[in-house]
Amino acid sequence: MSLPARISLLVVAFLGVVAIGAFVVIHYFLYNPPLVDYSSGVTANAGATVHVVMQEAPENTVSTHPDWVSYFIQNPQTKAWEHTTLFQVPAGSRIDMTIYGFDGCTPLRNNYWGKVTGVLGNVVDVNGRPYSFINSWSGCNVGHTFSIPSINVNVPMATPGLIQANKPGLCPTSPCEPGTPAQVPYRVMQFSFITPHVTGEYFWQCRVPCGGGFVAGFGGPMQTIGFMTGNMTVVS
């Protein structure tokens, strides 16, 4: 190989490394999704009840990653869906969660994560029916999980089921809107848990390998704040 060709190859390789580095910095370190505050006006450690509303969508048409699955959180003041996975709640309070499930299914690598743990009664109501376990290996049943490892919370997110011919498919535009006429199918998951009395940030994540196009499915949205992983901030 001639000297100019070698130099050109080195320049291309260098630019490639710079581009990868810039992508990592911008998407994993500088991206700063908003924090949705559910603690305003609530006295911590007083046994208050806070209602947190979220959804998981099969795509993300409001970001630069339209093919990435994502959670959204509803702003309690405006009722608008925020593209974020950061929310703030008071310490020592009961959190009543409602999560709308619009995405399809991806089998859990370990079906243990289909077990409901760390929530009141160890059950999740799916469209009003209680479940203590959702088997992701027996059919198209689980799309994601909502899991806070440090307090043992794990709740599998049920899917609308198999999409049938001549029936509406998955939600095509995010954020999705539940309950509208001719809306695509979805599931409503409801469960409750008690926030810790110790303030701080509690990491939460999805445990389904839903990062399509990434090694083992655990890259991209799976490891990016604002998509399928986030923080629950507990304040006094």
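**Reading the contacts**

Modeller: In this predicted model, Asp96 and Arg94 form a salt bridge, with their closest N and O atoms 2.7 Å apart. The count comes to 1 salt bridge.

Biologist: What are the relative accessible areas of Asp96 and Arg94?

Modeller: Asp96 has 22% and Arg94 has 34%; Asp96 is thus described as partly exposed, and Arg94 is also partly exposed.

Biologist: How many disulfides are there?

Modeller: A disulfide requires two cysteine sulfur atoms within 2.5 Å. By this rule there are 2 disulfides. Cys105 and Cys140 form a disulfide, with sulfur atoms 2.1 Å apart. This pair links distant parts of the chain, 35 residues apart: Cys105 lies in the loop between strands E6 and E7, and Cys140 in the loop between strands E8 and E9. Cys171 is joined to Cys176, S to S 2.2 Å, and both of these cysteines are buried.

Biologist: Why is the disulfide of Cys105 and Cys140 left-handed?

Modeller: The torsion about its S-S bond is about -100 degrees, so the disulfide is left-handed.

Biologist: Which residues line the largest pocket?

Modeller: The lining includes Val126, Tyr131, Cys140 and Arg187. By class, it has 5 nonpolar, 4 polar and 1 charged residues, and the pocket holds about 190 Å³ of space. Cys140, one of the lining residues, is also the disulfide partner of Cys105.

Definitions and conventions
Residues are numbered from 1 along each chain as its sequence is written. This is a predicted model: local features need pLDDT of at least 70, side-chain atom pairs count only at pLDDT 80 or more; totals for chains, interfaces and linings use all residues. Side-chain values use heavy atoms; hydrogens and water are left out. A salt bridge is a side-chain nitrogen of Lys or Arg within 4 Å of a carboxyl oxygen of Asp or Glu. Buried means under 20% relative accessible area, exposed over 50%, partly exposed in between (1.4 Å probe, protein chains only). On a 1 Å grid over the protein atoms alone, a cavity is a set of points where a 1.4 Å probe fits but cannot get out, and a pocket is an open set with protein on both sides within 12 Å along at least five of seven lines; lining residues have an atom within 4 Å of a point. Grid points are joined across faces, edges and corners, and a volume is the space filled by probe spheres set on the points. Ala, Val, Leu, Ile, Met, Phe, Trp, Tyr, Cys and Pro count as nonpolar, Asp, Glu, Lys and Arg as charged, and the others, Gly among them, as polar. Helices (H or I, at least four residues) and strands (E, at least two) are DSSP runs, numbered from the N terminus.
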